[in-house]
Every structure is written in C-alpha cells, then in structure tokens.
Amino acid sequence: MKKIFYLLVFVVIASGCKKLYEPNIDSPVIGYLVVEGFINSSAGVSTITLTRTTKLMDSMVAVYEHHAQVSIESDNNESFPLTEGVNGSYTSDVLHLSPNLKYRVRIITQSAKEYLSDFSPVKYTPPIDIISWQVENGGIQIYVNAHDDQNNTKFYRWTYSETWEFHSRYLKTLYYIIDPISQQAVGIISGSADTTIYKCWKTQNSTNILSGSTEKLSMDKIHLPVRYIEPQSDELTVLYYIRLKQYALSNDAYLFYQKLKKNTEQLGSIFDPMPSELAGNIHCITDPNELVIGYIEPAEEQEKELFIHHSDLPMIWISQMQCGEFEVENKPPLDVSIIPTRIATLGPFNSIASFYASDALCVDCTLRGTNVKPLFWP
Amino acid sequence: MRYSNLLLGVLFLFFCSSSKGQERKDSLVSGDFKGLTIEQFILQLEAQTPFHFYYDQKQFDSLQITLSVKGQPLQKVLELAFVNTNFHYSIDQHDNVFLIKDKMIRTDLPAGFFGSSRNINDSAITNTNTADIGLTSDSSTISASLENKLYEIGTKSQIRTGNSTVAGYVRDDKTHEPLPGVSIYLEENPGIGTVTDQFGFFSLTLPRGLHTLNIQSRGKRDVRRHILVYANGKIDIYLHDQIISLREVIISSRKTSNVRSVQLGVEKLNISTIKTIPTIFGEADISRALLVLPGVKSVGEASTGFNVRGGATDQNLILFNGTTVYNPSHFFGFFSAFNPEVIKDVELYKSSIPAKYGGRLSSVLDITSKEGNKKNYAGSAGIGPVTSRLNVEGPIFKDSSSSFVLGARATYADWLLKLLPKQYERSKASFYDVVLHTTHEMNKKNSLYLTAYLSNDHFNLNNDTAYEYSNRNFCVQWKHTFNNKLNNLVSGGYDFYKYDINSEANKINAYDLQFNINQASVKSDFNYYINAKHTVQFGLNSIFYKLNPGSYRPLGSESLVKTDIIPSEQALESALYCGDRYNLTPDFSIDYALRYSFFQYLGPQTVSTYAPGLPKEESSRIGNKEYGRGSVIKTYSGPEYRFAFRYSLTSDFSIKAGFNSLRQYIHMLSNTTAIAPTDIWKLSDPNIKPQEGNQISFGMYKNFKSNTIETSVEVYYKRMEHYLDYKSGAILVLNHNIETDVINTKGKAYGVELLIKKTAGKLNGWLSYTYSRTLLKMDDPLAGEVINHGQYYPSNYDKPHDVSFVGNLKLSHRFSISTNIAYSTGRPITLPVGRYTYAGSQRVLYSDRNAYRIPDNFRVDFSMNIEGNHKVQQKTHNSWTIGAYNLTGRKNPYSVYFISENGLIKGYKLSIFGSIIPFVNFNIRF
C-alpha cells in the first residue's frame, strides 16, 4: 500500500518532490514516561527500559529515567523487583512465571509518581520454523516462517540483530613516515599487510516495527518478509548473519504496534492516515490524565538464526561502494587523509618513486564497523 | 394610443394579404372633395369602390381632406389625400383598407417568413405588427423561429382579462438540442419571466394580450418573440448560434438571473467556461473547475473530492444526469471521471438545495450531459498527453425526434510509469470512461431520456497489489407534460460502485478484497406552474441500497486466507417533498419547501447491542440480535426545511436569505485526509445515527454595467451533527462491528464569500475571496475518546483565506489566453511536539490534532487556445490548447510529515507538483 503511494509521488514526472523540512515548532518540554520491554515468561530475565520523551529538535539523544522502583507483579500477589542497570534499563532475576497467571508492571519514579500496566495473561510463542530467503528485484528478501498448530497465536512481533563481515577494497601495505616534530608525513615505507583494518564486522538491530497477523488466514501460518538487503550492498559481500526473535502478541498489543508504525513509519503518501493518539496499556495512577507511552505484556521469546554466505548467492555480488586507487608521487608533504595501499613505481635503490593510495573508507574498514570478531563468528 | 394600435392589429388578424398597389378598374375614384372629415371621405370612397375601410376615428379627427381627382386608382387617391401628413394606408388582398396614423401596417409577410433563413432587416419592420395566417389552438404547438412575426397563443377569441400560461421548449435551431438555462421574460415587464429547465422546457404565466418575449441565452443570439395570448398554449422557440462576424460587435446582454433567482449559493459553469480554466495536463476537468469557485475547497492538489462550505467529501451528492456517482475521479484524483466532451454544464448548490434533492449534507453537484444533434451526425476528438477522447452524436431516426451522444475516453498513462525507478517497471495504470445519452421525443407531450455511464480504473504496481474501481450507472427518464402548467418527470435508475484490491505477491497471504454499493432508485418529480405567483414542485423518491461492505477471499491455491465476508446491508431511503415559489410582488419572492425523508434499515441482518451508558466497544457489547429478510430493523425519519427569499431593491440589486436543513443516511468511512480508493461507505443502522445539518445564509447581489458585471456577497453559518470521525487506529475495512471504531462529532462552519464576475466582453472571468472556518468537536466521553480535550479543532480542510482569479482574454476570434491564480492558507496538520525512542528507533510524539498548518499555497496556471479558421462550411474544426500548470514552479506543500528512517526522525515537506508542468492538447470537431 505504502509503495504505491510513494510511487504516485514519483509518477508525477518527478516534479513532485519531497524536501527536508524543519518547521519552527515551539515544543514544550514534556518528558512523558516511555516504557519499553516485555515480561519474559520463558525462564529468563525480563528487561524494561524507562526513558522520557524529549523536545523534537533537541540535541539530546535520550533521557533515561533513573532510580525508579520497577517490579513485576502477578495476580496471585507475587512481586519480583527489577534492578537498575545502565541507560535506564531495569532487569529482573531469572523468573519462572506461571502460564496460568496474569502479570503486570509497577513503576514508581523518583518523583513518586506511580505507573501500572494492565494485567495480561502469558502468551505462548511458537518457535520460528525457518528463516528463508530469496532473490527479489536484484536484492535478497529474508522471510520468517512460523506456525501455530493450535491456531492460537495469531499476532506476532519480531526483532532482529544482524551482523555481517566485510572487507576493505584495498589492503594497506605501505606506511607513512611521520616526522616527529612537524607531525607531517614526509615519506613512505613498505611493510607487512595491515590486516587489522582489512576485515571488519558490523552489527545492527532492527529499527522498524515488524509485526504480523494471521487473523485473516485459515491457518496460523506465517511467511512474512522481515528484512530486504539492497542489491550489491555490503551485507552480503562475505558472510551475513541474522538472529531473529519472535514474540506472540495479544490483539491489543498488536494494534498498539500497528498504530505506532502508522504514526511514525508510514507517512508521506497522498493518502496519509491522520496521526492517531497512541494509548498503550500503562497508566499513571497518580495522575490519570498523564500520557504514558508503551505496552508491556508477558510473552515467550523464540529465537532462530541464519547465515548467508557470499557463495550461496546465485548471482555476482560486489559491494557497490565506489572505490578507486590513484597514483601518488612520493614527495612530501603527503596527504594523510588518503591511505597508501601498494607501490606503483620504484626509483633508484629500490626507493619508492610513487605509490597507490585510496580513500580511507576503501582501505580502513574500522571506519564502517569494528575489527573485533564477534564471539560466535565462525 | 398604443392600445388602439393593438386593437387594430387584432382586427386584421384574420386576413391574409400579399399585394399592394394592384390597379383594378373597379377601384377608380373621381370626385371633388372639399374639407371633408375622414368619415365623409371614406363614405364617398366606399360608395365608389368595393373596398372596406378600417380606421380609428379618433386618430383622424384633426384631418380635413381637400382633393380633386378624376378616374384615379384608390391608391393614388389615398396618397394624395395623405400627402404631407403622417397618415398611412394599407390594402390587402380582400379589398380591406387600413388607415393608421404614424405607423404603417404591412399586409404582406416579411421576407423569409416561410422558413428561409435570410436575415431580415430589423429596423425597417420592427414596429410593424404582422398578421399570422393560421388559426392556432391550445392543442397545437407553434414553432416560433421568426423575430417579427406575431404568434398567437390559444384560440382566437375576445381577449379576456386575466392570466394564461404559455409553455414550450427552447431549442437550438440547427441541432434541435434543448437549451436549458435560457431566460425568457417580458420586454415590457422584466418582472415576469422564467428560465428553461434541463430539458429546455419553460412555462410562463402572463397576462393575456400582446407581449414581446425577450429570450436570452449565453452563446445564442438574443431574440424576441411577439406573442398574442388568448388562452393557454404552447410555443417552441428556436435560437441561432451566435456566430460573431469578424467585425467587432459589442454585445451587451441583460443576464439577470443571479439577481433575480430566489436561490442562494448556486454556481453554474458551462463546459465552455470549464474549458477555459487551465488544468494540469491541459485536460478540461470538472473537479478542478469547481475548486476555483468560492466556498469549494479540497485538502490538496491531488485529492479526490471536494469540500463545500466546510462539509466533508462524502457530503456532496454528485449526480450525472440524475444518477449518483460515488467516486468522481480517475487516477487517484488527478482527473475527474467525467469526459468534458459530453458535458454540457455543471451546477453546484451550496446553500439553497432544491427540495427534490436530499440525502447529503452539504451540496448537490448536478452534472448534465449534452444532448445529441438531432439533425446531423457530428463529433469531436481530442488528444492530450495523458488521455484521448472521442465523442460522436447524431439523430437516431430521420424525423429528428431523437438523438444520441456517445463519448469515450481512455488513458495511455503507462508512459508516466516508465519514468519510475527500475523496480516499478512492470507497473500498469489505466482508466477509461464511456457515456451514452439518448433522447427521444415520442410526441409533444412525452419524451424519453436514457443515460448510461461507466468508468473504470485499474492499476497494478509491479505485480504486487492490483487495484480496480468502477462506477456503473444507468437511468431512464420519462418526461410527461400534462398541460402547460403541469409536467412530470419520472425516472428510474441503477447505480453501482465497486472496488477490488488483490495481491498475489505473497502466496500464503494472496487475497482478493471487494467492496460494492448497489443502489436502485425511483423518482417522480412534478412541476406545477399554477400562475404567475405560484410555482409548485412536489414529488417523491425512493432509493433501495444494498451494500456489500467487504469480502475477503483467498487468491490462488496456496493461499491460506480465510474467506471473510461482511454480510450485506440493505436499506430503503424515501422522501416526499412539496415546495412553492411564491412571487408576492415582482420584487419579493419566497421559496419554501418541506421534504420529509425516512430511512429504513432492513434485514436480514445481525445487529450488535451494547450496554447502555457505556462507550460502544468490544467490551461493552452485550449481544446480537438477528433480523429476518425484509424486516425493518430501524427507522429514522425527519423533516427537512428549505426556505429562501429574495427581495429586489432595484432591478439589478437584490438581497436574499435562506435556511436549509438536510439529513444524510449513508456515510463514507475514511481515516485519510483525501478520498482514497479504499474508502468504504456505511449505511446508518441502529448504532450509527444519520448525519444532520442545517445552514442559514444571507446574500447581496448587485449587477453593474448592464448586468455584465455581477457581484455578490454571501454569508453562511452551518451546523452538523453526528458527523462520523474515527477512533485512533480505527480499522475500517472488514470490520464486523464498525460502530466500535467510529465516534460522533459535531461540526460548525461559517464564512463569507465575495465574488466579482465579468460575464461578457473580451476579458471575462471572476475573482473570488472566501473567508471560512470549519471546526469540529468531539466532547462526549461516553464515545470513548475525547479529541483535543473536547475543544473545537479545525477540520482537515479548514483553510480560512482563499482567493482565486480566473481570467480569459479573447485577443482575437481565434486566439485567447486564460489564467488561473489561486492562493489559500495552508491546511491544518498535526505535527509532533516531542520524540522518544521505541522499538529500536526514534519516534515522534504527536500533539493536539490539527494544531499547526502547512505553508500557504499559491499557484498560477496559464493556457492559450488557438482555434483553426472559422469557416462554417468545412469538414473539421480544430483547436490547440497550449499551456503550463504551476507557472511559477512554486513547490506548494501537500503535506508535512515526520518519519522514522533508519532509527532517526526526519521531517519532510511533500509537494505533488513541484515544478512547471507544460501541456499541449489537440481537439478536432467534425
């Protein structure tokens, strides 16, 4: 649906256009409480993150809520406290929750305001059957496949974490000679290949809301796209890994995520729905009119992972990054913003008359990722 | 004096004459007349000749005749007798001699009397009353195509005092197409007049006796007809096209209908005006033309539907030749669904809605197709960058009693899609529409009209989701004239609208979603012209609705989609109405009408019941109630009042006021700002109340410069109840309990509309300014959700200031330029006031609904019309339209939005047409 309407914008002979816009909105300092996380019912820890809303055009990345008392409560009057960690996160011990009870979260902030989520039953989450992929429009589309034989789950949500290995286009075998006094590069020497900036990994988490429903299907069976890898992008140049987490949702939670998605991800078409109010299941009991953002309910977490190797691909896949080597005369002062790669011509006494160099991004992979190999990496 | 002339004329009506000045032996006169009075003189002449003399003695009482003749013919004698006086004589074939002072009676017919179309020299005979040959009676219709002929209406008899009714059709002389909107009034008393209806029919009650009718219509030559009314009768009037000769002429007509009509807030555009308004891609377009009228707005440039005086888009009744069209657009609203080649005119009722219409809250848009040429086959074709159109018309039978017009239009917009990025290369988009309209005049009293309309849109993006929507309409109208005073239009029709969305991209989820509306209607409308003071309209109409609110089916064998069908809804909406236009004095008229509408929601149906006193939500549902086929589940009914008056302070200045109330039983459910192709319609049911609205308005109308400049000021205040808004995150498609997702809101709208219009001359067009507000309010906590703390908030199309200028300058007969300048305040929008991080991304927090506005809108369009040569006798006439849309290239914002992209928030301003769009169109008429 969204695709079309984007398309339409294109249709108008590219005359239609979308421009960055920064209105002068006089936004008040609101600082509503934002509660994110879930109550883990599969014998694990539950993590709940407390943050505050900020001004729209604020330079601050996030405002964390510290020193709150957070606990998980059951309708059997049990209470499990959570302890504060870094960045507004509060973590429980490993809990074994009863599938027959309902659970909720109670939060008492430093300013003595009390928040409570609605009691929700524990949802069973079926396992992920398989993560599959196929070539679509030159890129790779990754699908999640799952099913529930009981036909009970109906509403799903996924998050993923992905990691890929990638290599620099050029290997660095030359090093600048830095004059200790002027701090300028005065010459170049040959050395062993610098593998520390050649092989890197990048990890990122999903940023879009991924949810799905089988409500309209005759079977509780999921086959939905979760991630599309653009053609010739870095992700698949060596090895790609995705770890997908699946959570069952209640109908209300599903609607909450849909609303959140519509309000914040699916705008910009001709037929935009009007932004709607976002009511979750958490309420401020000291001030019932206060807005609280978030939806917390108990659910099991299911996980599955997938590796896609470059050689698995049925097509040629080369990073689309524009890189090139150019010849530089070995004559000081040398420009250190480019990185020397190999010798071009030798002068008398095997001196380096000129060498090849390239942009830092094409040689130093740490500019785009980390050179620390993840523990699980094969 | 005048009266006596008239009497003389009456006396001679029986006689037919052809010659003057024949010499006959028995007419020779001899004698010596000295100081004779006219009486004595005539006695002598009658004694000598077989002639009979007619004269008015009073006119001749000062005349003394002294004359000596011998064996002279009578003509000579009379000439001598009246030499140097202002007396004249005439002699007809039957030896009757008419004597008259100052004027001359012609006893022969003017040249071209028997149908030759040779022009008659007006000035020579303007003051001559000409006798008619034939006897006419009430039963026969006179075809009046001559200016200087006296037409008798009714059987010749003594003229009694009192009124009679003259009725008939006004038609085009060449094609016999009826001409609506022609004004007919008495030259001697412009207060007595009328305007022809959509079938070109008029009925005029006037005092018996001799009158001169002035007949005026735009694009036709203004004519007069002299009529002598004995009794009720019929007269058909034929008008010529106004072919302006190449020497400049100044036409100053007196078109006073804006000042004289009783209705307020009526805008009429004929197709030639619509064609002068520059539009995107140069396609003449009804919906674009409407938007330049005061009081009509839309949310943005590419939006289907329009908002009239603060009403929602579903509150407009869009009628095409009497059929209801639910989706009036093609290609997401870039084009109107009506082919301009077959449209004659459009009329928009913003305030005074005639009692025969109802069922929508804010306006009625009445689109009329043209009628086919009854004499010759003709057609036109047009080629534009996006669509091509063809239109053929002509007689069906040779006796020019019937005609057809067929118009078709299709697009080849696929090339537009080729400009898209590669991943859309397999996309397709197409639309077409077809109109057929036939007319058949069975006899003088019965006419039959048939209209069929089909429009279809189909688009498919890269084998992903395919969308299709279609309007299908059919209507038969039978007009029966009982007598001059009473006529009746019976019509029956079937209207259909559907959409279909399907997707096969994901085999497991492949689906086909369908929605449709079926509506069958019967109407009977009577017009009763009681007398000059009262015109009564009454009638009844009934619409049977059957909606299939949604069916969702699997597509393909692998699909796991569960068939989900929302049971169809049925209802019957009926109305009775009666209204009277009462002309108390020529200066003061009132129009009052009562319409009583009732709506019955019919079974079979399962209706959910909710706990009283609680918001209608899933949790408050207490049960279902089953109703069998045909059972009446819920009835809503209520009166609707329509009242307006007009008081003329002078002949070109009047004030008017009106009050209207309306009810609406079918609602469009949409949570987007513009009409989307996926919007559904819902009938009122036990859980969803009908919308109610009323409007009070006041206007002043003044014309200047012989009525060529019209000015008006209109003020209105409007209230709406039970207007449907949606809860946050409402699901409208395939919702079995839709009442749980909608809320009732109240609305109010008010504004003032100023208009200056120049209707004639080399430069014509209009300038309008509108100040208006539209505010909504949702303050019932029982409905579940209060918007903006229960305060009034601006609606999506609340644009307080709106200025538009449309100008057309005719530089020569073959070259004209048009421009359209529009400015409006930006529409309200909900903007974020804060942000937070959730689900891995920064996200925005929205403030109160519609608390901000997007930047203002300003646009200039320009077009040139170049016509081929104007020789009347040539096979084809062609014309070019060249122009540019958005001449200044201003990037008018359509919306402003904030979106989370790769974990960060970005704000964008979206413009639909962000640059100049040039266009060329080629049209051929044959």
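Which residues have the most contacts inside the largest nonpolar core? Select A:Val35, A:Ile48, A:Val144, A:Leu244 and A:Ile296; that core has 83 residues. A nonpolar core here is a set of buried Ala, Val, Leu, Ile, Met, Phe, Trp, Tyr and Cys residues joined through C-beta atoms within 7 Å. Buried means 20 or more other C-beta atoms within 10 Å of a residue's own, with C-beta atoms placed from the backbone.

The model is predicted: local features need pLDDT of at least 70, side-chain atom pairs count only at pLDDT 80 or more, and totals for chains, interfaces and linings use all residues. Residues are numbered from 1 along each chain as its sequence is written, while chains are lettered from A and ligands numbered from 1 in the order in which they are written.

Centre on A:Ile48. Leaving aside neighbours within four places in sequence, its contacts (C-beta atoms, placed from the backbone, within 7 Å) are A:Val35, A:Gly37, A:Val70, A:Leu82, A:Tyr90, A:Val105 and A:Ile296. Apart from this core lies another, of 78 residues, B:Leu291 and B:Tyr665 among them.

Finish at β25(B), residues 387–395. Six bridges join this strand to antiparallel β24(B).

How values were computed. A residue is buried if 20 or more other C-beta atoms lie within 10 Å of its own, exposed if 12 or fewer, and partly exposed in between; C-beta atoms are placed from the backbone. Two residues are in contact if their C-beta atoms, placed from the backbone, lie within 7 Å. Two strands pair if DSSP finds at least two bridges between them. Helices (H or I, at least four residues) and strands (E, at least two) are DSSP runs, numbered from the N terminus.
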